[in-house]
Amino acid sequence: MFERTKNLRLSVIKQMELRASRFPDVISLAQGVPSFDTPECIKRRVELALKNGVVAKYSLSPGLSELRELIETKLAEDGMFYDFEKEIIVTAGSIEGITATLFAITNPGDEVIIPEPTYTSYREVILLAGCQPVFVSLDEEKGWAFELEKYEAAITEKTKAIFYCNPNNPTGTIYSKEQLMGLAKLAEKHNLYLISDEVYKDFIFDSGEKIFSLAQLPELRKRVIRLFSFSKSFAMTGWRVAYLHADESIAREILKVHDSLVTCAPVISQYAAMGALEMGDKDIEFFNHEYKKRRDLICCRLDKLSHVFSYVKPTSAYYVFPRILKNDFDFGELKDCPDSLSWRFAIGILERAQVATVPGVAFGPGGEGHIRMSFGRSEKDINRAFDRMEKIFGT
Amino acid sequence: MKLIFKPILKYYLKLIAKLVLVIYRPKIIVVAGSVNKTFVRDEIRRALEKAGKSVRANPRNFNTEIGLPLAILNISSGYGSYREWRPVIGKAFRAIWQKNYPDYLVLELGVSSAGDMRYLLSIVAPEISVVTDITQRYLESFPSMNDLVAEYIYLAKKTKKNGAVILNGDNLRVKELTKKAIAPVQYFGETCEKEDDWRIVGIERTGVGQVVEIRHKEKTETFDVPRFGRHHAFALAAALAVDTIINK
C-alpha cells in the first residue's frame, strides 16, 4: 500500500505552519508568502475577463495563446527566444511545471542532482517521479556558490538532470554567469538536462542587473527547461499560475504530462497573468524596493544577534538563511522535536518566542545548523519577531 | 468616479492625439488581427529603421482606446491609478510640442469588442493596413464571427485609397477583405500563388533561429531570422511587403 507516497513527506514549511497555528500570537517568518495583495491592475484584468464571460471554459492545454504570445515577447526582452505556439506552456504554479518536466524527461531510477540547501519540494517531486535526488552541497564560505568538482563527482550513468533554483531559496543568493556556465559545460559533457527554476528572478537588491539565465544561450536550447512563476513577482501565490519554456522537442513531451495532470492552468489565473505581464512592471519595482528595505532591516536585526547567528547577506528573493552559532541553547523540553539542531532551534523559538521559522535541514542536509527566515512579511512583523528573539537571546 | 473619469480621459487623449497627427502628419501603418500583431509590428519597425526611416511603434500593449492615443503621444499610462494619471494628463498636453516627431508610426490596433475598430480609426487614418489573421480569439465579445470580421472590413474600407492593404493570404476570412478594400491589396503567406504575393516557400529551423525563404515577383530571397516559430516568418513576409511599398 502507498508504495509511491510512503517516502514522501509533507513539506517542513507546512509542518512548521501547522505547529505555529497553535500559537494565536505567533509571528510567522516561515512561509515564503509576500505580505502584499495582488496588484489592482491584475485584479481589474480578471474582473474584465469575468465580465466578458471568458473564464468558465478550459483553455488550450498549453494555455491561452494570447498569454503565451505575451510571454514570448517578454522572454525576447530578456534575450530568450522561444516559439509561443510550441515551446511555452502555462502551468498551474511552477511546482506543476516541475512535476510535468520531471515526468517527461526522466525514467524511474534516474538520478537528479540538486544543489542544496534548496527549495524543499524538489526532493518530493523527484521521488514522486520515481527518481533519486542527489544532493550536492553549496559552499557557504563562498556565498553559497557551486563547487563544480562536487557536481562532476556526483554524476553517474543514471544522472539525467541538474535541477537548480536561481536566485536560490532559502539562501537568497544568485549564481554567477561563470558558475552557471560551469554547470552548462558539465551538462554538455555528460548529456544532462538543466532545469532552472527562476521564480525569484525579479528581486535583485544590489546590482540592479537582470540575472543571467542559461536559457539565453541558443546552444543549450535542447538541454534547458526554464520555469517562472507569477506567485512571487506579482504577489499571486494563491492564483497558481506559472510557465515553462523549452525547445520544441522537450516541450511537446512535457505538454503530454501537463495535459494529463491538469488539462490546463486555471483560466481565470491565466487572465491574471496577462494583466501582470501587461501592466505589472511598476508593481514589481515597488515590491523589489520594499523587499530591499526589509532585507536591510532583517540584516540589521541579525547583526544585533551576532552572538546567535552568522549569515550570508541575501542579494535576491526574500529569505535569509542564518547559521546558528551555538548548539547549547536551553529551550527546555520540546515535544515532538526531531533530533537536529535546526529543528530544536526552530521549535525552540516558536515555543519560547512564538516566532515561526523553518529548520534549515528541510532544505537538504547542508542546511542543517541553519534556519530560514522570510522577509516577505511586513517590517512591523520583522521587528516584532526580532524583539521577541532578543528577549530570549539578549543583544 | 471611474464612470466619469474614463470617458473624459478617453475624449481628452483622442483630441490631443488627433491634434498631434494633424500637426506632424506622420504616415501611419496599422497592424490588426487576432494573433501575431506585436511581432509583425516589430518586424515592420525594424525594416523601416533599417531603411533609415524615422519610425516609432506603439510600446507594449498600447493598442486600445486609451493605449493608442498614448502611443501616438509617446507617453506612458497611468493604468488604474488616478494618482498615476495626473502627470500623464499634463504630459499629454505638452506632447503637442514634440521634437523629432517620427515620419512613420507603426501602430498595432487591438479589437476585442464590437465597435473598437470604428473608434480607433476615428483617431488614425492608415496609409497601409496589415491584417495578420482572424481567429476565434476575442470572439466571445462578438455575437458571431461575421461581426468580428466586420471590424476588419471597416479597416479595409478606411485604408487610404493611395495606400495599401496587406492581408494574410492563408486565411480565407482575411482574404475576403479584398472585396471591401479601396486601396490595392497584397497577400503574404504560405499558400499565396500570384507573382505579386509574398510567399513563404521555406522555413528551416537552425540552432539559433530559422532560415526563411520568401518568393516575390519570381525572385526568392533567404533570410536569417533569429527567432523560432512560423509566426515570425509571417511577420517577416508582411514587413517586406510594407517596406517595399514605402521604399518604391
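Is Y318(A) buried or exposed? Y318(A) has 0% relative accessibility and therefore counts as buried. The notes below start from this residue and then move on to the rest of the model, which is a predicted one.

1. **A tilted ring pair in chain A.** The structure holds 29 aromatic pairs over all chains. One of them joins F203(A) to Y318(A): the ring centres are 6.1 Å apart and the planes stand at 40°, so the pair counts as tilted. F203(A) sits in the loop between β6 (193-197) and β7 (224-229) of chain A, and Y318(A) in the loop between β9 (309-310) and β10 (319-320) of chain A, so the pair ties together parts that are 115 residues apart in sequence.

2. **A stacked ring pair in chain B.** Y24(B) and Y101(B) are 4.8 Å apart from centre to centre, with 15° between the planes, and this pair is stacked. Under 30 degrees is what stacking requires. Y24(B) belongs to helix α1 (residues 2-24) of chain B, while Y101(B) lies in the loop between α4 (82-94) and β3 (104-108) of chain B, so the pair ties together parts that are 77 residues apart in sequence. Y24(B), at 25% relative accessibility, counts as partly exposed, whereas Y101(B), with a relative accessible area of 8%, is buried.

3. **Charges over rings.** K201(A) lies over the face of F228(A), 4.8 Å from the ring centre. In chain B, K175(B) lies over the face of Y187(B), and here the distance to the ring centre is 5.3 Å. K201(A) also forms a salt bridge with D202(A), with the closest N and O atoms 3.1 Å apart. Both K201(A) and D202(A) are buried.

4. **Salt bridges within chain A.** Over all chains the count comes to 47 salt bridges. In one of them the side chains of E87(A) and R221(A) meet at 2.8 Å, N to O. E87(A) is in the loop between α3 and β2 (88-91) of chain A and R221(A) in the loop between β6 and β7 of chain A, so this pair ties together parts that are 134 residues apart in sequence. E87(A) and R221(A) are both buried.

5. R223(A) and E188(A) meet through their side chains in a salt bridge of 3.2 Å, N to O. R223(A) lies in the loop between β6 and β7 of chain A and E188(A) in helix α7 (residues 177-190) of chain A; the pair links distant parts of the chain, 35 residues apart. R223(A) counts as buried at 14% relative accessibility, but E188(A), at 39%, counts as partly exposed. Elsewhere, salt bridges that share partners join D25(A), R377(A), D381(A), R384(A) and R388(A) into one network.

6. **The contact between the chains.** Which numbers describe the meeting of chain A and chain B? Chain A gives 24 residues to the contact and chain B gives 25 residues. The area buried between them is about 2,000 Å², and carbon and sulfur atoms give 47% of that area. On the side of chain A, E69(A), F81(A) and E278(A) lose the most area to chain B, together 23% of what that side buries.

7. **Polar links across the interface.** Five salt bridges are found across the interface of chain A and chain B. R205(B) forms a salt bridge with E248(A), the closest N and O atoms being 3.3 Å apart. Nine residue pairs are in polar contact between the two chains. On the side of chain A that touches chain B, α3 (65-77), α10 (267-279) and α11 (281-304) each supply at least two residues. Of the elements on that side, α3(A) gives the most, with six residues.

8. **One residue of helix α4.** I95(A) is found in helix α4 (residues 94-105) of chain A. At 26% relative accessibility, I95(A) counts as partly exposed. Leaving out residues up to four places away in sequence, I95(A) touches Y119(A), S121(A), V125(A) and R240(A). W343(A) is 248 residues from I95(A) along the chain, and their C-alpha atoms are separated by 25 Å.

Methods:
Residues are numbered from 1 along each chain as its sequence is written. Chains are lettered from A and ligands numbered from 1 in the order in which they are written. This is a predicted model: local features need pLDDT of at least 70, side-chain atom pairs count only at pLDDT 80 or more; totals for chains, interfaces and linings use all residues. Side-chain values use heavy atoms; hydrogens and water are left out. Rings of Phe, Tyr and Trp (its six-membered ring) pair if their centres lie within 6.5 Å; planes under 30 degrees apart count as stacked, over 60 as edge-to-face and the rest as tilted. Helices (H or I, at least four residues) and strands (E, at least two) are DSSP runs, numbered from the N terminus. Buried means under 20% relative accessible area, exposed over 50%, partly exposed in between (1.4 Å probe, protein chains only). A charge sits over a ring if NZ of Lys or CZ of Arg is within 6 Å of the ring centre and within 35 degrees of the ring normal. Contact means heavy atoms within 4.5 Å. Buried area is the accessible area (1.4 Å probe) that two parts lose on being put together, summed over both. A salt bridge is a side-chain nitrogen of Lys or Arg within 4 Å of a carboxyl oxygen of Asp or Glu. A polar contact is a pair of N or O atoms within 3.5 Å; within protein, one must be able to donate a hydrogen and the other to accept it, and residues adjacent in sequence count only if both atoms are side-chain atoms.
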